[in-house]
Amino acid sequence: MKTLERISQFAGNTFAIWVLVFAFLAFFAPSGFTWIAPHISLLLGIIMFGMGLTLSGSDFKEVLKRPKDVAIGVVGQFLIMPGLAFLLAKGLQLPPEIAVGVILVGCCPGGTSSNVMTFLAKGDVPLSVTITSCTTILAPVVTPALILLLASEWIPVDPSSLLMSILQIVIVPIVLGVVIKKLFNKQAQASVKVLPLVSIVAIVAIVTAVVSVNQQNIAKTGLLIFAVVILHNVLGYLIGYLFGKLFKMDLSKKKAVAIEVGMQNSGLGAALAAAHFSPLSAVPSAIFSVWHNISGPILATIFTRMKEEKAAPAVSGKTLTK
């Protein structure tokens, strides 16, 4: 177990490198990875099961302690990224399948890697964890509704089938994880130490699967998709930060909201695209998985160097004299 823990820690520290390496391998040798594609939903379910094993009541206590802060993060998550995705799709006149893919990833809840990045950025980690948990629980209803609202201009959308998919590959595994933790707490606590390794393997597998089955499409449109994904992600960070500032949050909270808004559960986007739309629609999610694991640490480094803005000293009406 100690060896697995060390491997897990090493994999976590080098996550972005592994995603990049296997994405390149899948692009240049796609035949070796296409067999993974039918198992994308299962892989995401494993990640969500792991999330369930780590959840506890304390993750939701912040809702009662500071509902305003949590509401700002949740609203920001489901308002900013979907809105940006729609504006980018319209403004750049993206092809329908790519437009839907960008909107899909924009409508997804926050990803668990945002919690790690918030920690590295010296942000408000309890707030980050609570926002991720809340947006994930709300996803079966909110995500299909947003996709129907924003993507139906390009492609027919069946919100009920999307809801069922999210329940099956997100909510059910999370609930199972919570139940297993409750029944076998000691074993669950021991397994949590190697969960990062399991999640990393699953995310890397999802990315390679999507890249491998879309190798030719990526060769044609990869630069366009990559540019849109980078713009989407960076604007999400920026507007998320300004959204927190609008509500006069302190620096640690603004960091948490910015990272929560900008980092998505792109694995869910890939799974929904593969199950309900087209293989090409999954590409923005796959590229998002690669990119936000590069941009997240960069942003965290920038955030660690930021200091809380000090209020300007009050100016006295009296004139100082010598």
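**Close-up views of a predicted model**

**View 1. Buried residues of helix α9.** In this predicted model, the buried residues of α9 are L162, S165, I166, I169, V170, I171, P173, I174, G177 and K181. These buried residues pack against four helices: α3 (40-54), α8 (125-151), α10 (185-192) and α14 (266-276). An α-helix has 3.6 residues a turn, so residues three or four places apart point the same way.

**View 2. Length and kink of helix α9.** Helix α9 covers residues 159-183, which makes 25 residues. From its first C-alpha to its last, α9 reaches 34 Å, close to the 36 Å expected at 1.5 Å a residue. The helix has a kink of about 40 degrees, centred on L167.

View 3. F10, I17, W18, V21 and L25 make a nonpolar surface patch of about 450 Å². Helix α2 (residues 15-28) gives the largest share of this patch, with 4 residues.

**View 4. L25 in helix α2.** L25 is placed in helix α2 and is one of the residues that make the nonpolar patch. L25 counts as partly exposed because its relative accessibility is 40%, between the limits of 20% for buried and 50% for exposed.

View 5. Q189 lies in helix α10, one of the helices against which the buried residues of α9 pack. With a relative accessibility of 42%, Q189 counts as partly exposed. Q189 and L53 are separated by 136 residues in sequence, while their C-alpha atoms are 8.0 Å apart in space.

Terms used: Residues are numbered from 1 along each chain as its sequence is written. This is a predicted model: local features need pLDDT of at least 70, side-chain atom pairs count only at pLDDT 80 or more; totals for chains, interfaces and linings use all residues. Side-chain values use heavy atoms; hydrogens and water are left out. Helices (H or I, at least four residues) and strands (E, at least two) are DSSP runs, numbered from the N terminus. The expected span of a helix is 1.5 Å times one less than its number of residues. The bend at a residue is the angle between axes fitted to the seven residues ending there and the seven starting there. Buried means under 20% relative accessible area, exposed over 50%, partly exposed in between (1.4 Å probe, protein chains only). Contact means heavy atoms within 4.5 Å. Patches are made of residues with over 30% relative accessible area and no salt bridge: like charges are joined within 9 Å, nonpolar side chains (Val, Leu, Ile, Met, Phe, Trp, Tyr) within 5 Å. Accessible areas come from the Shrake-Rupley method with a 1.4 Å probe; for residues, only the protein chains shown count as cover. A salt bridge is a side-chain nitrogen of Lys or Arg within 4 Å of a carboxyl oxygen of Asp or Glu.
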